[in-house]
Structures are given as C-alpha cells and as structure tokens.
Amino acid sequence: MLWLLIALLVFIFQTATILLLEFRNPYKTVAWLFILFCCPLIGFVVYYFVAQDYKARKKVRTQGSRLFQEIRPLIWSQASLVKRAGDMHSKDFQHQERLFNLLSHLSESPITGCNKSRVLTDGEDTFGAMLAAMDKAEDHLHIQFYIFRDDDIGNRFKDIMVRKAKAGVKVRLLCDGFGSYRLGRRRGFIQELKEAGVEFHFFLPPLLAMIDRRINYRNHRKIIVVDGTKGFVGGLNVGDDYLGKYQKMGYWRDTHLEIEGDAVYFLQNVFLSDWKLASGERLSDPALFPKHQCEADEQVQIVSSGPDQDWNAIQEMCFGAITVAKKRIWITSPYFIPDQGIYEGLKTAAVSGVDVRIIIPLKADSRLVHLASLSYIEDLLLAGVKFYEYQKGFIHAKVMIVDDLMASVGTANMDMRSFFCNFELTAALFEQSSIDRLVKDFKEDMSQSHQIVTEEFQARPFRHKLAEVLCRMLSPLL
C-alpha cells in the first residue's frame, strides 16, 4: 500500500511539473502527458532531456543578434532595401501594408530589391548548379546542410571542397549533429576534409545535445554561399537519395533556389550566426559581404526562424499571408502537421471561397508523421480544402503560393516542428515571373497526384483512424 501511495505521489509530481512548465503550449502538454501516461517514469526522464525551452538560454539567444549588430551597418549601406509597400513591384502587394509591415518586422532580414533567382526542381539540376558555383569560388565557400552523406554525390562535394581548400579558398562546412550523425562515424571522410584545410563543425552533436538538454532542437537549414555573391537555399540535402537512387523512395521531387544579389548578404548572416553557435568563432570580416553590381531587380526576403529567436518568424509569415489571401493558397509539404493558427486560417480561407490546395506525399519516409498528417485532413476536406497525394515518387518540396502576392521556398515544412523547434530558413519571392514558375511546377505536380475524395477518405478502416488519432496526440513532438 505504501509503495502504491509513493508511486501515485511521484506520478502526480511528474504531471504537475509538465502542466506548470508547458501551460503556454497546450498541444505539447497533451503530447507529454500522453507519453507520461504510457511510460510514467521513462516518459518523465525523456521530458527532462528533450523538452527544455531553448529560449531560456539567454546567452545563446543573443549571440546571433550581437553578431548581426556588428555587420548590420555594412549590409544596410550596400543592399537595396524595400522600405514601403508602395515600392513593391506587385500592384496587389502595394495595397497590403499590413502584410508588408509584418514581413518587415519578423526577422533581421528586410525585403531587398536587387536580386536574381532561379528555381531548381530536382536533384540533378540543383546539385549541378551547386557544384558549378562551388567550382568557381575564389575567396570563400560556406556550406551548411541538415543531412550530408558519405556517398557518390557527397564525395563529389567533398572533392571540390578539398580542391578549393588546397587552392587557398576558405572552406567552412557545417552539418547538423542529429541529421548527419552517420557522417560522424565516417572518420576518414571528415579527416580528409580537415587535412585539406576545410573547417568542419557539427551543430549540436547528439551526445553534447543530450548532456546540454537540447537534443530536440535541430538545424534543418540548407545553405551554400559562394564568395558572398551567390547563394542556394531550399529543400535538398546532400545524398544519393535526393537523386532518386534509393529504391524505397524512388524519384525525389524537391524545390531549391539559386540566388544572386542582396539576399545573399542575409544568407551569409544566417550561416555566420550558426557557425558562431557551433564553433564559437565570430566572423564579421567585411570581405564576407562584398559589393555587387545590381544586374536584376527581383524583390526577395530571407526569413529565418529558430528556438534561439524571440519570434516564430516563418510560422507568422505563413499565417499572415494566409489571412490576406483572396484567390488561392497552394501548398506543397512532405509533412503537414499545422498548428492551430495555420489550421484555422486554412479552414477559414477555404470556407470563404479561396482556392486552397495542398500536395502531400503518397509514399512517406516517416510512418508516424504521415499518420499524424492524415489526421488533419478530414475536417479541412469538409471545409473545401483540396488535398492531393503525389504518386510519381516522394515529394519533399516546401512551397507556398498565395495569390499573385508572394511565394515561399525554403527548408521549413508545414508542421509544428519546423515552426517551433527547428532552425529553419525560407526565401520569400515577390516577383511575378518567380511566382508563375512555381505555379507551373505546382500544376505539374498535381498532374502526378491523386486527389483525395472526401467520401473515400472517410471510409478508411477504423484501425487507420485510431492510429491517426494516436499519432496526432504526439504530433507536436514529431
């Protein structure tokens, strides 16, 4: 009887602790209480190591801002900044002052007006463009990926990095400790890079992250900056699977951007901030932000978000854009686990007559995440949202198109992990030609997809619905 009382008191203490610490995040609270109910002691131990609020680490939060304050005057003096909604090229956007003000205050990156971008839609084109740009590097080469594999394409990247480092180019490579943990076991690969002069660091290696209670925070960004004048951002990591060479996933459909111009300054800034957090090295040399000739006038904004920032900038950008949509909201995302704001925004838009279409994969790389995604579909279908399951292979693109106002391409999925836990990066595009290209790609993806019919979806087996409910309870942590 005494042991039963002690066990009950311990369980009450664990429950009360989670309720007190997570009261601002009701969805996370439910997820952790569910885990605690299933595994009373183990669940609380996992909570202790995984659920720490990264923002509580004030020193970490301010490091990136301090670095940015040092280089801000230089960037502001060299970049062509868009300061008013009336200066936007899109006539529709000129009347969206609220959205413009929101975007202007979300992050340390304003909308810039001197850019040229190119949309890349598969691994062959993207890796070809990346390797060609890297091969032309003369001063520095900054590379950052969530996943970097020691395979055929990974070795092609390595060969160029080694050759460039030996030629005197400053090469820095940053990989996420969790996403690239297998690379950490390939000592020869990393050693060859370091011996050639490549500077290499893992962002939050798993053991360090576990000790420091930050295992839940992953750097999901993908960045390449060449000589401070050309950059890449988007959904692709470095691995043969992104070339469709893994039979399990088949053809890999993704979207990436090649950017030249002012926006590269802000890609550079994000890389340097992450480099500071991973290595402790503060880099603010003006040579990393060279002047460039304005050869095009595309308007682009780089939006970063992460647990080290005070704003959930990408989530708020998506929510703000969704709320002003009048004609269409088209979204492609491999994982669809929206927070309550995005969920209600999409439902309200569809009920109001906005054409809301969402493409998700038919073939999933994560069964749990896929089931959680399916749990959100039925109510949205009933509200008028159209869902499509991509059938040609696996679709990994992260794209949102809102009217002819803007489109976004980046690393963030339409899920709560990307919005609130991961370090993410997105490029917002406002040029009509860029939006039209993404619309064309979206329509092509729809032609390779099966539209989900409400009646058929509602008729799925009860066991599937039950699995979806259980996964939805865990979805804030997936």
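**Close-up views of a predicted model**

**View 1. A nonpolar patch sits on the surface.** Here Phe462, Leu466 and Leu470 make up a nonpolar surface patch with about 310 Å² of accessible area together. (Accessible areas come from the Shrake-Rupley method with a 1.4 Å probe.) Leu466 belongs to helix 19, residues 462–474; helices are DSSP runs of H or I with at least four residues, numbered from the N terminus. With a relative accessible area of 42%, Leu466 counts as partly exposed, a label for values between buried (under 20%) and exposed (over 50%). This is a predicted model, where local features need pLDDT of at least 70 and side-chain atom pairs count only at pLDDT 80 or more, while totals for chains, interfaces and linings use all residues. Residues are numbered from 1 along each chain as its sequence is written, and side-chain values use heavy atoms, leaving out hydrogens and water.

**View 2. Helix 11 is mostly covered.** Out of its 17 residues, 14 are buried. Helix 11 runs over residues 263–279 and reaches 24 Å from first C-alpha to last, close to the 24 Å expected at 1.5 Å a residue (that is, 1.5 Å times one less than the number of residues). Just past helix 11 comes Gly280, with a positive phi of about 85 degrees.

**View 3. Now for the largest pocket, at about 1,100 Å³.** It has 37 lining residues, and Tyr146, Ile147, Arg149, Tyr335 and Asp365 are the closest to its centre. (On a 1 Å grid over the protein atoms alone, a pocket is an open set of points where a 1.4 Å probe fits, with protein on both sides within 12 Å along at least five of seven lines; lining residues have an atom within 4 Å of a point.) Helix 8 gives the most to this lining, with three residues.

Conventions
Patches are made of residues with over 30% relative accessible area and no salt bridge: like charges are joined within 9 Å, nonpolar side chains (Val, Leu, Ile, Met, Phe, Trp, Tyr) within 5 Å. A salt bridge is a side-chain nitrogen of Lys or Arg within 4 Å of a carboxyl oxygen of Asp or Glu. Helices (H or I, at least four residues) and strands (E, at least two) are DSSP runs, numbered from the N terminus. Buried means under 20% relative accessible area, exposed over 50%, partly exposed in between (1.4 Å probe, protein chains only). Grid points are joined across faces, edges and corners, and a volume is the space filled by probe spheres set on the points.
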